[in-house]
Amino acid sequence: MALGKYSRVDGRKSSSCCSTVTIVVFVALCLVGVWMMTSSSVVPITSDVASQENKSEMKTQPSEINGENNNDAGNGGNSNNMVDESSRNDEDKSKQFEDNPGDLTDDATKADTSLNSDQEDKNSKPEETKPEETKPEETEKTIDERQEEKPEEKSEDEKKDNGEDKTDDGKKMKQDGSKNELEKEVEKKGDGVVQTEGKDSEAGDQENKSDDNEKKSDEASGYTKDGQIEEKGEEKKDLDSQQGSGEKKDQSSGEVYPSGAQSELLNETQTKNGAFSTQAAESKSEKEVQKSTGSQNAYNWKLCNTTAGTDYIPCLDNLEAMKNLRSTKHYEHRERHCPDKPPTCLVPLPEGYQRSVEWPTSREKIWYHNVPHTKLAEVKGHQNWVKVSGEYLTFPGGGTQFKHGALHYIDFIQQSVPDIAWGKHSRVVLDVGCGVASFGGFLFERDTLTMSLAPKDEHEAQVQFALERGIPAISAVMGTKRLPYPARVFDSVHCARCRVPWHIEGGKLLLELNRLLRPGGLFVWSATPVYQKLDEDVEIWEAMKKLTKAMCWEVVSITKDTINRVGIATYRKPTSNECYEQRSQNDPPLCEDSDDPNAAWNVPLQACIHKLPADSSERGSQWPEQWPARLEKAPYWLLSSQVGVYGKPAPEDFAADYKHWKNVVNKSYLNGLGIKWSTVRNAMDMRAVYGGLAAALKELNVWVMNVISIDAPDTLPIIYERGLFGIYHDWCESFSTYPRSYDLLHADHIFSKIKKKCNFMALVAEVDRILRPEGKLIVQDNVETLNELESIFKSMKWEIRSTYSRDKQGLLFVQKTMWRPTEAETILYAIA
C-alpha cells in the first residue's frame, strides 16, 4: 500500500530516473521505520518514562521520513498530506472512541491507558504519522496524551495515600488496569444487583437518571445497581491475565457502546470509585485510631477450651444446660441449648489436619486425622458403615439395611415403588437417622438431593463423617420440638432402621413427618418391624398399622429385598382432606386452624394432623414440575398480587433474582474470583432469599445449604419448591453442625444485620468454626462493615483475596488459613 500510494504522488511530479531513485530510497526508509516502531512496541511498558520514550521515538522516525517525502513531492505532496491528515484525524477519533477511556478521569484509568496508546501506535502506518505541521494542535494533543498517560503515576500516589498500595501478601485486588473493559462489560449486561438493603434508593435514583437505557433495563429486571459483583470478577480475570502474560488484553474486542451511554456510565463509576477511595482513607484512619486507643484488644483471639475439643458445637455442647434438664426421655439432651453469650473463641484443629479429599473420591474415603474417631468403625464395621484403612477412613457404601451397597438398595426401592421416580418426581428427600449418610451420598447419582439428619454423638461422629465425605447433613434429633423446616416441602422421607419410636405418645413424631411431607409424598420405612417376627417388632408393626391408617396414609408397597434380607414398607400421604372428614374417630385430632404448620423455630411438637390445602392456588395443592424444570419456573402459588422481597410482583421478583445470580455466578464467581471449584463441595448461602445462588451453581458438583434467617421473609418454601433445600436459623446462635463443615460460605448482607441485633464478633467466630481451613468466604455488604471485617480477618491471619466497592456497597473475598492462636479460653458451660 505504501509503495502504490507514494508512487502515484511522485508520478504527478516527474518520471525521471532521479525521481525513481528517490522513491526507492523513500520506500526503504519507510520499511526501516516500520521495523523500528514494531520492535520498539514489542517490549512491555512498565513505567511512564518508558511510555514517553517510545512515543518520542515513534514521532521522530515518521517525521524524518515525511520530511524527505515533502522535499521530493513539493507542494503536491503537502496537498496530499493535508488529505491524509484529515482522514487520520477521523480514524484517530474512531480509535479513541473504541479504545480510550473517554470521560474517565485519572483516578479511574491507571495502567491501561499507556498500554492502549502503545498498542494503537504499533498498529498505525508510518505514512499516517505526521510531522510537526500544526504545532498548536499538536501541543494540545500532547497535553491530552499526557493527561491520559499520567494516571498510572498519579494513581500510585493516590493508592499510597489511601492505604491501597499493597496488602498482606500482596494479594489485595488492585482497581486499575482493566477499568475500561470493566465498565463496558457492566453496560453490556444492563441489569444489576438486587437491592438487598432497601437503603440505597438515592444512589439507585441517581444511577437511573444518568442513563435512560440502563434505567429501562433495570425496570425490566428488578435491579437497581450494577457491577458490584460482576465487575469484580472481570477485574480479577484481567489482573490474572496481566500477571500471566505481562500484557493487557485488547480492550476493544467486541465491546463497543454508544458514546452517550459510555460517557454517563464512566462518569457514574468515577463518582463511585471516588467515594470508595475516600472510604478507604477513612477506614485506614479509623484503624489507626483504634490501634492507638487499644480497641484492637477485641481481636485478641484465643482457643476454645471445651470437653468437646475439636468437635465443639456451642448449642449442642452446653453441658451446664443439659445437667439442668428435668428429663432426657425425649432426647432433650440432643436438642439445641444455646448459651446466653455465644463464644468468641476459635475451635482448635485436630492434630495432623489437612485439606479434605475432593469429591467424588471423598464419598469413598477421607483422611483419618480430619475425623480421628474409630469407635463407629469398631461397632458398625461388619455392616460396612466405615472402616479404618491406614491413614484413611473408608466407606464401602453400606449401612445396616444395605450391607451390599447403597445403590442396590436405592434401585430396589425404585423397583418396588416406581412412583418414587428418583431425580424426577422425588427430588428433595429427608433421611432421618442417616448414619454416615451413604444413602444420601449415592442418591446424588440419581439426581436427588437429600437432607441427612442424625443426633450428635448418638453414633460417634456420624454426621461429621457425612460432612467430611461431602454429603449434606445436619445434627438434629426428633425430640420435643419441630424440625427447622417449613410444612409440606419434602417429596419423600426415608428411615432405614432409624429406631425412632414413631408410634408412641399419639404418634407425635410420625405426625411431625406428616407436617414436613408434601401431599402425595412417600414415606419409605426400612426397619425390623416390617420384616422380623420378634415380639417387640410385631408389637411396633401393629401399632404402626393402626396409626398410619388413622392418619389416612395409604400403604403403597411392602416388599423384601432378598439380597440385603430386609423389608421395606412405603406409605403415601393423602392429597385432600376427604379421608380426614370421613374418619369415625378424630384421633389423631386435626390441628386447630390457628396452628401454623410453617412455624418451626423452637415450636413444641403436637400430636395433631394439619389440614391439607383445599384451594388449587395454595402451596401443596399441586405437585411441583419434574426436575429440573421446577428449578427455573416460579411456583404456581406465587401470585402477581403478592409483593416479592425486592418490591416487585412475586413471580417477577423470583425471575429477577434468578437472572441476577446467574449473571453473578457466570461472570464473577466462576471465573473472576480465582476459586478452584473442584475443591468446593459443601457450600452455604447464609442469606439465601429465593435460593438463586444455589440454582446458578446447579451444573457444578456442589450442594448448597440455603439458610433463611428467622427474622427474614419466609421464602424457604420457595427454595424447596425449586428442588433445592435449606433450613431456618438465627445467626445470633451457632449453627447445628460440626466444626470445619463447609468449603464455601456466602454472606449477603448478614454481618451488617447481625451487627445491629447481637454479638458481631460471635458471628465471626462462628464463621471460622464452620468453615474448613483453606475454605473461602464471600461477603457482600456495606463498605463500613467490610472494612471492619477485613481488619478482623487479618487479625485471624486469613488471606484477603480481593475487595471491591461501589456506591457504598462492596464485596470482600477471603480465605481461611491453618492459623490457630496459642492462648486458650475455658468455656465453663462446655466443661464436663
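This is a predicted model: local features need pLDDT of at least 70, side-chain atom pairs count only at pLDDT 80 or more; totals for chains, interfaces and linings use all residues.
**Entry 1. Enclosed space**

I then turned to the largest cavity, which holds about 310 Å³ of space. Its lining consists of 20 residues, and those closest to its centre are Arg-336, Ala-476, Arg-482, Pro-484 and Ser-736. Strands β7 (473-475) and β14 (726-729) each give at least two residues to the lining. I also sorted the lining of the largest cavity by class and recorded 11 nonpolar, four polar and five charged residues.

I next looked up the second largest pocket, whose volume is about 830 Å³. I recorded 42 residues in its lining, of which Gly-433, Pro-455, Cys-498, Arg-499 and Val-500 are the closest to the centre. Two or more lining residues come from each of β5 (428-432), α17 (438-443), β6 (449-454), β8 (490-496) and α19 (508-516). By class, I listed 21 nonpolar, 13 polar and eight charged residues in the lining of this pocket.

**Entry 2. The chain as a whole**

I then stepped back to the overall figures. The chain contains 29 helices and 19 strands. Of its 832 residues, 56% are buried. I computed an accessible surface of about 35,400 Å² for the chain, and carbon and sulfur atoms account for 49% of that surface.

I also examined how contacts relate to sequence. I considered contacts between residues at least 6 apart in sequence, and 74% of them join residues at least 24 apart.

**Entry 3. Disulfides**

How many disulfides does the whole structure have? My search found six. I numbered the bonded cysteines in sequence order and wrote the pairing as 1-4, 2-3, 5-6, 7-8, 9-10, 11-12.

The disulfide of Cys-315 and Cys-338 has an S to S distance of 1.9 Å. The torsion about its S-S bond is about 115°, and therefore I recorded this disulfide as right-handed. Cys-315 sits in the loop between β1 (303-305) and α13 (319-323), while Cys-338 sits in the loop between α13 and α14 (361-364), so the pair ties together parts that are 23 residues apart in sequence. I compared the accessibility of the two partners. Cys-315 has a relative accessible area of 1% and is therefore buried, whereas Cys-338, at 22%, counts as partly exposed. The cut-off that matters here is 20%, since buried means under that value.

The disulfide of Cys-495 and Cys-498 has its sulfur atoms 1.7 Å apart. I noted a torsion of -85° about the S-S bond, and the link is left-handed. Are these two cysteines buried or exposed? I found both Cys-495 and Cys-498 to be buried. I recalled that Cys-498 is among the residues closest to the centre of the second largest pocket.

The disulfide of Cys-552 and Cys-579 has its sulfur atoms 2.1 Å apart. With -85° about the S-S bond, the link of Cys-552 and Cys-579 is left-handed. This pair joins distant parts of the chain: Cys-552 is in the loop between α21 (535-550) and β10 (554-561), and Cys-579 is in helix α22 (residues 578-582), 27 residues apart. Cys-552 counts as buried because its relative accessibility is 9%. Cys-579 counts as partly exposed because its relative accessibility is 31%.

I looked up one further cysteine, Cys-434, and its relative accessibility of 10% places it among buried residues.

**Entry 4. A serine in a loop**

Finally, I examined Ser-640, which lies in the loop between α23 (629-632) and α24 (650-669). Why does Ser-640 count as exposed? Its relative accessibility is 55%, and exposed means over 50%.

I then asked which residues Ser-640 touches, not counting residues up to four places away in sequence. They are Pro-649 and Pro-651. Ser-640 and Pro-651 are 11 residues apart in sequence, and their C-alpha atoms are 6.2 Å apart in space.

How values were computed:
Residues are numbered from 1 along each chain as its sequence is written. Side-chain values use heavy atoms; hydrogens and water are left out. Helices (H or I, at least four residues) and strands (E, at least two) are DSSP runs, numbered from the N terminus. Buried means under 20% relative accessible area, exposed over 50%, partly exposed in between (1.4 Å probe, protein chains only). Contact means heavy atoms within 4.5 Å. Accessible areas come from the Shrake-Rupley method with a 1.4 Å probe; for residues, only the protein chains shown count as cover. On a 1 Å grid over the protein atoms alone, a cavity is a set of points where a 1.4 Å probe fits but cannot get out, and a pocket is an open set with protein on both sides within 12 Å along at least five of seven lines; lining residues have an atom within 4 Å of a point. Grid points are joined across faces, edges and corners, and a volume is the space filled by probe spheres set on the points. Ala, Val, Leu, Ile, Met, Phe, Trp, Tyr, Cys and Pro count as nonpolar, Asp, Glu, Lys and Arg as charged, and the others, Gly among them, as polar. A disulfide is a pair of cysteine sulfur atoms within 2.5 Å.
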